[in-house]
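Hi,

Here's the structure I said I'd pass along.

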Amino acid sequence: MDENIKSKKRKVARRDERSKAQKQADSVSVARRSVWYILRTILIIFVVIVLCYGVFTEAMYASNLYIIVTVGMETRADCILMSGGTMDLSNYFDEHWLSADTDLYAGKYDSFHVESYDYRIAIEKFVVYPWSTQAKLVVVERIPSISAEAFDANNDQPVPVWESVRYEISAEKVDGKWLITGLTVLERDPEPDPANTPDLSQLETGVPTR
């Protein structure tokens with residue numbers, strides 16, 4: 001009788017030990033899953049923050065470069081056409097490159113008083129990354145019309161035509177600010193983009209003959 005009681009007690013003790021071991025194993029498993037869930041959540045949040053930062057930085061760079069290029073190129077054209085000072089150009093261009101810009105000092109329009117002009121620039125390609133300190137852009141610059149008069153009334157020469165050019169523009173981040181460091185001519189007098197609407201001036205009209 002005593003042996004039966006002792007055997008039952010041993011069985012109960014073993015069962016309790018197994019139950020306790022199982023509970024400990026379950027606790028460890030839950031802890032591991034909890035740690036992995038927390039680490040995975042932190043990793044996902046970190047990746048999202050990095051992506052958001054990258055997108056924000058790239059958008060900021062793109063915005064800054066767009067302003068530097070469009071305003072800078074128009075200011076350069078204004079200096080050439082109006083024979084103005086080049087001081088403001090240092091806000092957009094690298095000074096070493098400016099000193100070698102032959103078009104800027106050619107004096108092509110020095111004999112004319114330019115009253116107005118139609119400046120156009122179109123950005124065709126834009127390459128910049130969040131970690132970039134350099135960028136490349138492809139633009140087409142045009143001035144289809146220039147209103148000007150010669151300073152000398154006896155000067156019967158026509159106003160020089162502004163040549164349309166497709167440029168590759170190099171830009172570099174210098175002391176936290178983007179500057180244009182070079183203009184490379186890719187194509188002179190490129191074909192204009194087709195009009196979005198029909199050009200009515202190209203339509204032929206007439207009265208049919210019998």
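This is a predicted model: local features need pLDDT of at least 70, side-chain atom pairs count only at pLDDT 80 or more; totals for chains, interfaces and linings use all residues.

Let's begin with the strands. β2 (residues 120–127) and β3 (residues 134–142) are linked by a hairpin of six residues, and the two pair antiparallel over seven bridges. If you want a spot to look at, I121 has E141 of β3 as its bridge partner. β3 also runs antiparallel to β5, with eight bridges joining them; there you'll see K136 standing opposite S170 in β5. Seven of the nine residues of β3 are buried, so the strand is largely enclosed by the rest of the structure.

Now the loop. Between β4 (146–150) and β5 (165–174) you'll come across S164, and E163 sits in that loop too. Are they buried or exposed? S164 has a relative accessibility of 12%, and because the cut-off for buried is under 20%, S164 counts as buried. E163, at 37%, is partly exposed.

As for what they touch, I'm skipping residues up to four places away in sequence. S164 is in contact with E141, R142, E187, R188, D189 and P190. E163 touches E141 and R188. With R188, the side chain of E163 makes a polar contact to the side chain at 2.8 Å. E141 is 22 residues from E163 along the chain, and their C-alpha atoms are separated by 8.6 Å.

Cheers

Methods. Residues are numbered from 1 along each chain as its sequence is written. Side-chain values use heavy atoms; hydrogens and water are left out. Helices (H or I, at least four residues) and strands (E, at least two) are DSSP runs, numbered from the N terminus. Buried means under 20% relative accessible area, exposed over 50%, partly exposed in between (1.4 Å probe, protein chains only). Contact means heavy atoms within 4.5 Å. A polar contact is a pair of N or O atoms within 3.5 Å; within protein, one must be able to donate a hydrogen and the other to accept it, and residues adjacent in sequence count only if both atoms are side-chain atoms. Two strands pair if DSSP finds at least two bridges between them.
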